[in-house]
Amino acid sequence: AVELFKKLYWWRENMLDYVYSTAVNAHLTAEPMMRAMAIEFPREGLDHVDTQYMFGSDYLVAPVLELGARERSVYLPKGQWESISDKKIYSGGQTVTVPAPLDVMPVFKKIG
């Protein structure tokens with residue numbers, strides 16, 4: 001548990017600048033920090049993608065919702081996406097199945 005806490009705390013500390021700037025943007029523009037996929041990518045017809053969301057404009061978050069699941073299907077919009085857990089690069093415009101062990105939540109950073 002201690003090693004997992006250290007890992008998650010490291011992620012939190014390294015995301016503070018992004019979280020702060022996203023919060024300032026939300027205050028100035030009234031855009032929510034957590035956004036439905038259809039809001040961020042209106043031309044891709046993603047209104048059916050309801051179990052994942054964008055955190056700001058750069059991070060796609062796909063929580064694991066099934067008890068005991070160790071993988072997760074994620075729709076990646078068009079473009080290039082990097083998994084923050086293993087740095088693997090994925091091409092968007094498709095659904096991918098990614099590993100989701102107990103200590104990893106699938107989160108992808110938009111490249112570019």
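**Entry 1: a loop residue**

I started at K87, which sits in the loop between β5 and β6 (89–91). K87 is not a glycine, yet I found a positive phi of about 65 degrees. K87 has a relative accessible area of 53%, so it is exposed. My cut-offs are under 20% relative accessible area for buried, over 50% for exposed and partly exposed in between, with a 1.4 Å probe and protein chains only.

**Entry 2: ground rules**

A note to myself: this is a predicted model, where local features need pLDDT of at least 70 and side-chain atom pairs count only at pLDDT 80 or more, while totals for chains, interfaces and linings use all residues. Residues are numbered from 1 along each chain as its sequence is written, and side-chain values use heavy atoms, with hydrogens and water left out.

**Entry 3: another positive phi**

I then turned to A30, in the loop between α1 and β1 (34–36). Phi of A30 is near 70 degrees, again positive in a residue other than glycine. At 67% relative accessibility, A30 is exposed.

**Entry 4: the whole chain**

I listed 2 helices and 8 strands in the chain. Their order from the N terminus is α-β-α-β-β-β-β-β-β-β. The radius of gyration is 14 Å, close to the 13 Å of the globule rule for 112 residues, so the chain is as compact as a globular protein of that length. I took the radius over C-alpha atoms, and the rule is 2.2 Å times the number of residues to the power 0.38. The C-alpha trace spans about 40 × 30 × 25 Å along its principal axes. Of the 112 residues, 30% are buried.

I also looked at charges: there are 12 positive and 14 negative side chains, and the centres of the two sets lie 2 Å apart. Lys and Arg count as positive, Asp and Glu as negative, and His and the chain ends are not counted. Each charge is placed at NZ of Lys, CZ of Arg, CG of Asp or CD of Glu.

**Entry 5: aromatic rings**

How many aromatic pairs are there? I count rings of Phe, Tyr and Trp (its six-membered ring) as paired if their centres lie within 6.5 Å; planes under 30 degrees apart are stacked, over 60 edge-to-face and the rest tilted. The count comes to 5 aromatic pairs. One of them joins Y18 and F55, with centres 6.0 Å apart and planes at 55 degrees, so this pair is tilted. It links distant parts of the chain, since Y18 is in helix α1 (residues 2–29) and F55 in strand β2 (residues 53–55), 37 residues apart. Y18 and F55 are both buried.

Y18 also pairs with Y59, edge-to-face, at 4.8 Å centre to centre and 75 degrees between the planes. Y59 is in strand β3 (residues 59–61), 41 residues from Y18. Y59 is buried, like Y18. Together, Y18, F55 and Y59 form one aromatic cluster.

**Entry 6: two last look-ups**

Is S83 buried or exposed? S83, in strand β5 (residues 80–83), has a relative accessible area of 5% and is therefore buried. Beyond its neighbours within four places in sequence, S83 is in contact (heavy atoms within 4.5 Å) with K88, Y90, V107 and F108.

H48 I found in the loop between α2 (37–40) and β2. H48 has 58% relative accessibility, so it counts as exposed. From H48 to L67 I noted 22 Å, C-alpha to C-alpha, and 19 residues in sequence.

Conventions: Helices (H or I, at least four residues) and strands (E, at least two) are DSSP runs, numbered from the N terminus.
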